[in-house]
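Hi,

Here is the structure I promised to pass on. Have a look at it first, and my notes follow below.

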Amino acid sequence: MADMESANTNTLKNLGLLLVVGITALFILLFLFFYYSGPSRAFGPEQPIPFSHNVHSGVKQIQCQYCHPYVAYSNWPGLPPVEKCLHCHNYIIAKHPWIQKEHQYFDTNTPTPWKKVNYVAEHVLFNHQRHINRNLSCQECHGQVQNLHRLPHKHWYMEDCITCHRRMNANMDCWLACHS
Amino acid sequence: MNRRTFLKVAGMGSLSFAAGCSKPEKHLYSLVKAPDDMVQGNGTLYASTCRECPAGCGILAKNREGRVVKIEGNPLHPINRGKLCMRGQAALQGVYHPDRIKTPMLKENGQWRAITFPQAEILIKNRTDAAAAKGSNRIRMLTEVVGDTLLSIFNDAMRQWRSPEVLIFEPFAYESLKRANKEIFGINGLVSYRIDKADLLVSFGADFLETWLSPVEYARQFKQMHAYSDGQKGFFFCVSPYQSLTGANSDLWLPCTPGGEAIIVLGLIREVLRTGRDKNLNENIRKKIEQFSSFYTRETVVKLAGASSERFDQLASHLIQAKRPLVLGTGTGGGGENGFHTDLAVNLLNLVLDPDLPTIDLGSRHRVEIAAEHAQVLDFFTKLQKDPADVVFFNNVNPVYALPSASGLREAISQPEQFTIAFANFMDETAERADLVVPVKLPLETWDEYAGKHHLISTLQPAMGKLTGAPDLGGLFLRTALYSQKTSLNYKVAVFDQLHNGNGLKGEAEWVQAIQHGGIFKPPAPDTLKTITAPKLELLNRFAQSMQSISKSVSQDMVFIAAPSIRFFDGRGANKPWLNEVPDPLSKVAWQSPVLVHPQTCEALNIEQGDVVRIESQWGRLNAPVYESDNVKAGVIVMGIGQGHSGYGRYARNFGSNPLDLLSSATVPVSGGRRLWIDSVKIQNTGQHQELATTYGSRIQHGRKIALHITTEALAQPKPAKPSGLGMWDFPLTLPLPEGYDPSRDFYPPIEYDDYRWAMTVDLDRCVGCGACAAACYAENNIGIVGEERVIEGREMAWLQVERYLDPDDMEKVVFLPMMCQQCDNAPCESVCPVYAPHHSKEGLNNQIYNRCIGTRFCSQNCPYKVRRFNWFEWKWPSPINLQLNPDVTVRSKGVMEKCSFCIQRIKTARNVAKNERRLIRDGEVIPACVQTCPTDALIFGNLMDTASRVRQMVADPRAYQVMGYINTKPAVIYLKKVRHVI
């Protein structure tokens, strides 16, 4: 009897352990799923103003360089100053609450805290000018931005650079190309 | 564990796991309005003026995204022509200094309280109004040398307050030189010298490469006459009790007893007259001069001045033979009676040598001449003590540090009934004693004008955004004192008006042009010298009388000299980390202020290098470590001015000691200045020892092929055939090009290059060792500041350092050698790295890949030049000094090796431009930071693949060699031997 009882408690114990392990694994799986492919990952971070690349670049066909004016002259493409948004939006949907928020940034002289989506390691200096002047379109690296509302996170790795540089027979020198 | 706890723990765990894994999100901030002239990622240059010393060099401030990241010389500026000294380079660190005062500070019951800028202005206004209402002469002001606009506003304000004009205070005010110029040339001021026009230069202590009048300008001129070119090289003799950096660059140093300089000048005058070398001298005057100089025979001079008779003869014979000789008087510190006598005699000697004075420009005058004499400054404080004012202003001066405490100025400043206001950005010794400290905009942040010479009006403009809410000083005075008088209370308008009314600028367009060029550069005033035909007889009589006292002022005891410092000037540079970290050019000691003692004296006193000695004079005492130096005369001990602050921020406080503490504050009546040396000091070993923060391994080269020199005679010989051996001295110069490949010597195959192979030449004959290149390198390449302790451990991070070698046969002779990564073709570092972190680029550079480096330090061990630096720690950039970091250069972290990159970021910038224009990079388009700032053009950078490039031409010079080239590293830095005269 005593044996039976102990066998029963053992089974129960084993079952409990199994349950614990199972639930833990479930949590981990759920976590991994949401961390790597949750809906927010696909959309990218929520921006202070829900700016849509699709509306501006896709629907309205505004050139990328209009808002990122330095792309052909500098390492960095530049972000449009608040002033520039208002050049158009003083006339277009001027009363929209989001545009009102933009006005607030302008009136209080506050830089818009856009969230960064494209990440390159800090010891890498990507030179936009060189690539644009080689007649590479923005989409070749950044994808079909004009079809997206919110831009997703993207981490750039050395492999991305090297693959393309090999294919295009471009500069493979460490310092001359990417680092300094 | 129950179910609830498990779920809690699991939930919290996964949440913290998720939070811990994701990197913190970064922001990209867009500007509200974009300035027209800003392209993100590209620098914008703003022309301005350096205000680190009164010389007034033009600068270009490079602004990146709103902050200045580098200062360079303005090539259009006639004073410095694109070059800067190390103090100019370091001006940037003043702006971003972590100890910069951000708000006005009011002292209440001995405690500082921060107040707002409007509150401070109201306080100043109320105090001054109340003082002015009480009567006349209730307000006093002491200011640094400022431009005419600011000076006239100060004086208008003082008139408004019914008070005396402001007094201009400079610790180095050249009193003796001004008085000597007045006596001989009739000019109570500081004339310019044309060192470049001379073929022989004699300096009686004038340290024109370091601090004297306008060091960058004179360094350039000096090398125009003294660098070897076309078989010619001028002569430079230096007569002084110790070798300053200037003295170390002389062809012959004639050590003399302090106070003996004037006697030697008189001896030279006698020799010149005796041999008939004098020109067109009036017979009466000649007789008179002959009469009083006849006493100073060779024997007398040698005996009184403690000089070597052989060297005196050499100096005299060269002077007599010279076609266009120029003699310079005492240095920046020569304010005593001996300075006056020497300067007077030197002016006379120049006149005797050639009354036309072809090498002196009397029409072009240095602005620092407006500074008050020491006597007036002392008088200012004496008066304050006797009759305390209601309000006293100090504008960016630190008399408490610069004047000895014996002058009683500390008491005068902190009298309870008087309200002292200091305009200062740092809590220095003077500001600490004030009642109100008001920070004002620094030169890089404000509109202004400053004429380093009266005809060269340099402009200043804001080169960056505001870091503090500080107002400009001009505006503050306009608002608090002149609000009822002036139509505009904007200081920029005042500068605009000054340039229009005072300097003939017409209209807005010319103003914009002046701002862009960095100033209005007019020719000097017509030379008034032609009117001086000869000195007046009565003057000579007076002179003869005053000379009689000369021999008394010669000292035979232990003499202590406080020397103006190339790094700290009068002490104002002591709070800049770069200036502390770049070692002194001669002693190679960083962060400390050792006392330089001759080995003989050391032996006599039984002290060694590093022993801490106590030096005592009747005025004060100090403790300092000893540095054994062959560059001082036996019996003379020298300490650089600048350190020993009790305040002035974290980089200045409690570093080194202040040599001025030992000096008397008394004015020397004959010169109006003060002596920066004192005799009969007591020196005594304390028994303590202090490790010196030196950056040299050895004083001599141990017979190796490092810093070489050649004599003019040897150069005149026909060129020997190209050597072809394998030994140290017969190994040929091997260019880092495929043509340098020799199968009999080389193990590795040749490296092919397409268009470029970067290289540098360093002309040791042009290098004066000033260290401007090293400071520029720190600024450009985000090099870490390691501090005193780490320098002692040998962990300094300098990518470029100027090495100093003494000649073992004659320890007075010095060679300077800028040493940076040699970018070898057969680089020893590349072959030992287990992870390929040093990588040979296709343009010949030795790339250090930081993110690949795992820190084995094999490369550093295998580098024969010892130019690789390892990051033993994460170096600190206390906010906001991190804002100075160059965004184009990676900041290295702990565990990573680093070294000179030939300023790869600049090569990349030039490459970008060339590629956009579909051409190759032109010669001279890439200028590394060190090359850019070198005042004497000793460094040249370029492409060896281009046979027409300057650097390629230079390597064909017979003086060209490679440091330790015999180990077949094929360095791309090619040195040209220093040229020495055989005297």
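To get you started: which residue in S19(B) is the bridge partner of Tyr450(B)? Ser458(B) is.

Before going on, some housekeeping. This is a predicted model, in which local features need pLDDT of at least 70 and side-chain atom pairs count only at pLDDT 80 or more, while totals for chains, interfaces and linings use all residues. Residues are numbered from 1 along each chain as its sequence is written, and chains are lettered from A and ligands numbered from 1 in the order in which they are written.

(Strands are DSSP runs of E with at least two residues, helices are runs of H or I with at least four, and both are numbered from the N terminus; two strands pair if DSSP finds at least two bridges between them.) The open sheet here has 3 strands in the order S18-S19-S20 (chain B), with antiparallel pairing. Strand S18 (448-453) and strand S20 (519-521) of chain B each have a single partner strand, so one side of each has no neighbour in the sheet.

**Where the chains meet**

The two chains touch through 38 residues of chain B and 38 residues of chain A (contact means C-beta atoms, placed from the backbone, within 7 Å). On the chain B side, helix H1 (3-21), strand S1 (27-29) and helix H28 (904-916) each supply at least two residues. The largest share, 6 residues, comes from H28(B). By class, the side of chain B that touches chain A has 15 nonpolar, 15 polar and 8 charged residues. (Ala, Val, Leu, Ile, Met, Phe, Trp, Tyr, Cys and Pro count as nonpolar, Asp, Glu, Lys and Arg as charged, and the others, Gly among them, as polar.)

**Domains**

Chain A is split into domain 1 (2-37) and domain 2 (53-178), with bounds from an automatic or database domain assignment. Their C-alpha centres lie 48 Å apart. In chain B, the C-alpha centres of domain 2 and domain 3 lie 39 Å apart; domain 2 covers 105-172 + 371-438, and domain 3 covers 175-366.

**A covered helix**

Take a look at helix H6 (residues 215-226) of chain B. Of its 12 residues, 11 are buried (20 or more other C-beta atoms within 10 Å; exposed means 12 or fewer, partly exposed is in between, and C-beta atoms are placed from the backbone). Among them are Tyr218(B), Phe222(B) and Met225(B). The buried residues of H6(B) pack against strand S10 (200-203) and strand S11 (235-240) of chain B.

The peptide bond from Ser879(B) to Pro880(B) is cis, with omega near 0°. You'll find Pro880(B) in the loop between strand S34 (869-870) and strand S35 (897-898) of chain B.

In chain A, Gln61(A) isn't a glycine, yet its phi is positive, near 60°. Gln61(A) lies in the loop between helix H3 (53-59) and helix H4 (64-67) of chain A, and is exposed, with 8 other C-beta atoms within 10 Å. Asn135(A) also has a positive phi, about 60°, although it is not a glycine. Its place is the loop between helix H7 (128-132) and helix H8 (138-142) of chain A, and Asn135(A) counts as exposed, with 7 C-beta neighbours inside 10 Å.

Cheers
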